[in-house]
Amino acid sequence: MERFFISAVVAVLLIRAWLELTGYPQIGGHGLHIAHMLFGGAGMMIALLASFAFLGPRVRRVAATVGGIGFGAFIDELGKFITSDNDYFYRPTVALIYVVFVLIFIAGERLTTEVDPTPEERLAQALDVIAGAVIDRYPVKDQQLAAQLLAQSNPANPLVPALMDALAQIAAEPDPPLRFADRVMARVTSSYWWLVEKSWFLKLVLTVAGVITLLNLRELTVILLEDPTNSGVQVYIDSTAGLLLLANLIGGALLIVGLVHLRGPDLDAFIWFRRAVLVSLLVAQPLAFYEQQWLAMIGLAINLVVLSALEFAIAHETKLIAQIPAGSP
């Protein structure tokens, strides 16, 4: 699911960048225009056929990547199919694409983090891992993962002890070396988490978020001072820019509440900070993409960095609290 999501997002960004750099060329001529949505449909079809026809984790990874690229090429042309004049540059398109990706991300997060598998489902997962291990000649990591899943399965099921005995008798192959792309991704990931773990990094991103909030407050103050009768404020609020400002102010208010909670346990403050970021991601960012188009990517990147730092801080504080003996102050 991660591969699908990332591939789709990257596909949209690359297509838009390429079209901008090349002056929006068209494939075809003499009355024909082959839209890149058709290539997106072909990519999704290839992903489906591959998943239907072949087994194993490699095929699943390829299908996720090709299908994600295909979906990105498809959704990029959304504006053409929600307007009567087939307008690729329809202004709300970027915001709608963002909303679609947010919904996909939320669905993926819920499916992968909030599911509590039953012992029977753990057994099914173990069988799926073993099927892939058969194709890849039983690498060590697959054997270990299958054994962990079987340990969480129902031991009364006759398949469980039989599979565990079979795995114990199979000589595992060494794990295959990581491919170049996987090595680069692993290095980038480890470097990023090293950065997030630093206490100064969280302070830095919170400072940036606070400065942005102050700038938003300054903008509203200037508007009020320019029109003491407040007649212009309502006009501004009725516009998209005004709604964006109000959304940012709501997030700023939550940020201020978090700052107040810093006098108590850090965990409470971090939770309020996360709420502020989520308001920005789910409410302010769609409006920002409508108002600013692709320039809103800067704000999105800042929000994602802040959110990841907060998620790490919350997990760290939760772990520390869990280690405190019961009854301790």
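Begin by selecting helix α5, residues 119-135, whose 17 residues reach 25 Å from the first C-alpha to the last, close to the 24 Å expected at 1.5 Å a residue; the expected span is 1.5 Å times one less than the number of residues. Helices here are DSSP runs of H or I with at least four residues, strands are runs of E with at least two, and both are numbered from the N terminus. The model is a predicted one, in which local features need pLDDT of at least 70 and side-chain atom pairs count only at pLDDT 80 or more, while totals for chains, interfaces and linings use all residues. Residues are numbered from 1 along each chain as its sequence is written, and side-chain values use heavy atoms, with hydrogens and water left out.

Staying on α5, colour L123, A126, V129, I130, G132 and A133, which are buried, meaning under 20% relative accessible area, where over 50% is exposed and in between is partly exposed (1.4 Å probe, protein chains only). The cover over these buried residues includes α3, α6 (140-151) and α7 (159-169), with contact meaning heavy atoms within 4.5 Å. Just after α5, select R137, which takes a positive phi of about 65°.

Next, show helix α1 (residues 2-22) together with helix α3 (residues 57-75), which pack at an angle of about 40° with their axes 7 Å apart. The axes are lines fitted to C-alpha atoms, for helices over the stretch in contact, and the angles run from 0 to 180 degrees between N-to-C directions. On the α1 side, select R3, F4, S7, A8, A11, V12 and I15, which meet a set of α3 residues including R61, A64, T65, I69 and F71. The residues of this contact divide into 10 nonpolar, 5 polar and 2 charged, where Ala, Val, Leu, Ile, Met, Phe, Trp, Tyr, Cys and Pro count as nonpolar, Asp, Glu, Lys and Arg as charged, and the others, Gly among them, as polar.

Two loop residues come next. Y24 lies in the loop between α1 and β1 (28-29), and its phi is near 55°, a positive value in a residue other than glycine; at 30% relative accessibility, Y24 counts as partly exposed. N86 sits in the loop between α3 and α4 (93-113) and has a phi near 50°, again positive in a residue other than glycine, but N86 counts as exposed because its relative accessibility is 51%.

Finish at A315 in helix α13 (residues 297-322), which counts as partly exposed at 48% relative accessibility.
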